[in-house]
Amino acid sequence: MARQFQCGARRIGRRATLGIGVCFALAPRWALPQADPARERPREGDLLVTVGAAAPEPLTPDNVPLGGKQIMAWPMDPESNTVRSGSRLNKVLLLRLDPEGFDPETKERAAGGIVAYSAVCTHTGCDVTTRHPDSQLLECPCHYSFYDPKEAAKVVSGPSPRRLPALPLKIVDGRLVVAKPFTARAGFQQM
């Protein structure tokens, strides 16, 4: 039996065998971050909590004023109270606008005029931190990509290759709740 294994190992080659061994040795390290509940993407039923809050308190529609400044939030598992802040790709920006100006796609994903989008720019991954109240556009200050939150966060100008992924919302028991996962992969793609 040992001799058969040696013969098989010789046919595969020493480099391939070493490569397979390295993969098996590193596999648990790669799997652990994926198993961390704080790194999991937003799920249906997750609540939203303010980024940087000392004690995570679920956001309500009243926390997001009409025409006010955008709010950065994390999704939170309502059962375990695990805030999904283990990956910056989970950061969400919230803002409330007049739903009369929404396109049908945005209107379907909004809750009480509140829209949620990935806070990570699709160009190079900077945070989309600026909102222009006069034009109601969102801006990534790194390379000046502008997004229209009333039209499913489509790119209005700048180098971003695609719109910001939306996070559909609903209101349940007076709290903002994730209705469905992100509409696209959050983050940026190297071209």
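## Close-up views of a predicted model

**View 1. The surroundings of Arg 96.** Arg 96 touches Pro 61, Val 64, Pro 65, Leu 66, Gly 67, Gly 112, Gly 113 and Ile 114, leaving aside residues up to four places away in sequence; contact here means heavy atoms within 4.5 Å. This arginine sits in strand β3. Arg 96 is buried but has no salt bridge, and Asp 62, the nearest side chain of opposite charge, is 5.3 Å away. Buried stands for under 20% relative accessible area, exposed for over 50%, and partly exposed for in between (1.4 Å probe, protein chains only). A salt bridge needs a side-chain nitrogen of Lys or Arg within 4 Å of a carboxyl oxygen of Asp or Glu. For charge, Lys and Arg count as positive and Asp and Glu as negative, while His and the chain ends are not counted. A polar atom of the Arg 96 side chain does lie 3.4 Å from the backbone oxygen of Val 64.

A word on reading these views: this is a predicted model, in which local features need pLDDT of at least 70 and side-chain atom pairs count only at pLDDT 80 or more, while totals for chains, interfaces and linings use all residues. Residues are numbered from 1 along each chain as its sequence is written, and side-chain values use heavy atoms, with hydrogens and water left out.

**View 2. The whole protein at a glance.** Here you can find 3 helices and 10 strands, taken as DSSP runs numbered from the N terminus (helices: H or I, at least four residues; strands: E, at least two). Starting at the N terminus, the order is α-α-β-β-β-α-β-β-β-β-β-β-β. The protein has 191 residues, and 40% of them count as buried. Among contacts between residues at least 6 apart in sequence, 54% join residues at least 24 apart.

**View 3. A buried pair, Asp 77 and Arg 84.** These two side chains meet in a salt bridge, 3.6 Å from N to O. Both Asp 77 and Arg 84 are buried. The whole structure holds 11 salt bridges.

**View 4. A link between a loop and a helix.** Arg 163 and Glu 105 form a salt bridge, with their closest N and O atoms 3.9 Å apart. Arg 163 lies in the loop between β8 (154-157) and β9 (169-172) and Glu 105 in helix α3 (residues 104-109), so the pair ties together parts 58 residues apart in sequence. Arg 163 is partly exposed at 36% relative accessible area, and Glu 105 is partly exposed at 37%.

View 5. The side chains of Lys 150 and Asp 148 meet in a salt bridge of 3.2 Å, N to O. Lys 150 is buried at 16% relative accessible area, and Asp 148 is buried at 8%. Salt bridges with shared partners also join Glu 40, Arg 43, Asp 46, Asp 77 and Arg 84 into one network.

**View 6. The nonpolar cores.** The largest nonpolar core has 18 residues, and Leu 93, Tyr 117, Val 128, Leu 138, Tyr 147 and Leu 164 have the most contacts inside it. Such a core is a set of buried Ala, Val, Leu, Ile, Met, Phe, Trp, Tyr and Cys residues joined through side-chain atoms within 4.5 Å. Two or more residues of this core come from each of β3 (92-96), β4 (114-118) and β6 (137-140). Apart from it lies another core, of 16 residues, including Val 64, Val 92, Leu 94 and Leu 169.

Notes
A polar contact is a pair of N or O atoms within 3.5 Å; within protein, one must be able to donate a hydrogen and the other to accept it, and residues adjacent in sequence count only if both atoms are side-chain atoms.
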